[in-house]
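Biologist: I would like to learn how to read a protein model. Could we go through one together, feature by feature?

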Amino acid sequence: ATAMMNDYIESVLNGSGGSSGIEKVVLIAKSNLLGFYADLGFQVTQPSAIVHGQDRWYDLEMDISKHAARTIVRSLPEEDETWFVKTEQFCKPFPVVKPHLEAHRAWVAD
């Protein structure tokens, strides 16, 4: 779903080079999807006046002018790219490991 929405947003952004007149992308969503759309760059504007079923719907919008230069999050590498992802499992609880991870992050940043 994220890749599909990113493709759609990218097509709107690429097609809105000033001549299309597109200023906003507007949609409605149920409350359980608000976080998903917010992560994509949408803002919840208000509860929607649209009624369908028993659940409340919300109006969302994305201002194209504010997001024209945003980075699209990708879930797969391009054909000419390779990605390396390292995962680790810790044998101690996170609160015990967290200070060491923070110290490592500070060391890497220096």
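Biologist: Which residues make the nonpolar surface patch of about 290 Å²?

Modeller: Keep in mind that this is a predicted model. The patch is made by F90, F94 and L101. One of these, F94, is found in helix α4, which spans residues 94-109.

Biologist: Is F94 buried or exposed?

Modeller: Exposed means over 50% relative accessible area. F94 has 52% relative accessibility, so it counts as exposed.

Biologist: How much of the protein chain counts as buried?

Modeller: Of its 110 residues, 20% count as buried.

Biologist: How many helices and strands does the protein chain have, and in what order do they run?

Modeller: There are four helices and three strands. Starting at the N terminus, the order is α-β-α-β-β-α-α.

Biologist: What should I look for in a strand?

Modeller: In a regular strand, side chains alternate between the two faces of the sheet. Take strand β1, residues 24-30: V25, L27 and A29 lie on its covered face, while K24, V26, I28 and K30 lie on the uncovered one.

Biologist: Which strand is joined to β1, and by how many bridges?

Modeller: Strand β3, residues 57-63, is joined to β1 by seven bridges, and the two run antiparallel. As one example of the pairing, L27 has L60 in β3 as its bridge partner.

Biologist: What share of the contacts with a separation of 6 or more is between residues 24 or more positions apart?

Modeller: In the protein chain, such residues account for 55% of those contacts.

Biologist: How many aromatic pairs does a search of the whole structure find?

Modeller: The search finds two. In one, the ring centres of F36 and Y37 are 5.0 Å apart and the planes stand at 70°, so this pair is edge-to-face. The other joins Y37 and F42, with centres 5.8 Å apart and planes at 85°, so it too is edge-to-face. Together F36, Y37 and F42 form one aromatic cluster.

Key
Residues are numbered from 1 along each chain as its sequence is written. This is a predicted model: local features need pLDDT of at least 70, side-chain atom pairs count only at pLDDT 80 or more; totals for chains, interfaces and linings use all residues. Side-chain values use heavy atoms; hydrogens and water are left out. Patches are made of residues with over 30% relative accessible area and no salt bridge: like charges are joined within 9 Å, nonpolar side chains (Val, Leu, Ile, Met, Phe, Trp, Tyr) within 5 Å. Accessible areas come from the Shrake-Rupley method with a 1.4 Å probe; for residues, only the protein chains shown count as cover. A salt bridge is a side-chain nitrogen of Lys or Arg within 4 Å of a carboxyl oxygen of Asp or Glu. Buried means under 20% relative accessible area, exposed over 50%, partly exposed in between (1.4 Å probe, protein chains only). Contact means heavy atoms within 4.5 Å. Rings of Phe, Tyr and Trp (its six-membered ring) pair if their centres lie within 6.5 Å; planes under 30 degrees apart count as stacked, over 60 as edge-to-face and the rest as tilted. Two strands pair if DSSP finds at least two bridges between them.
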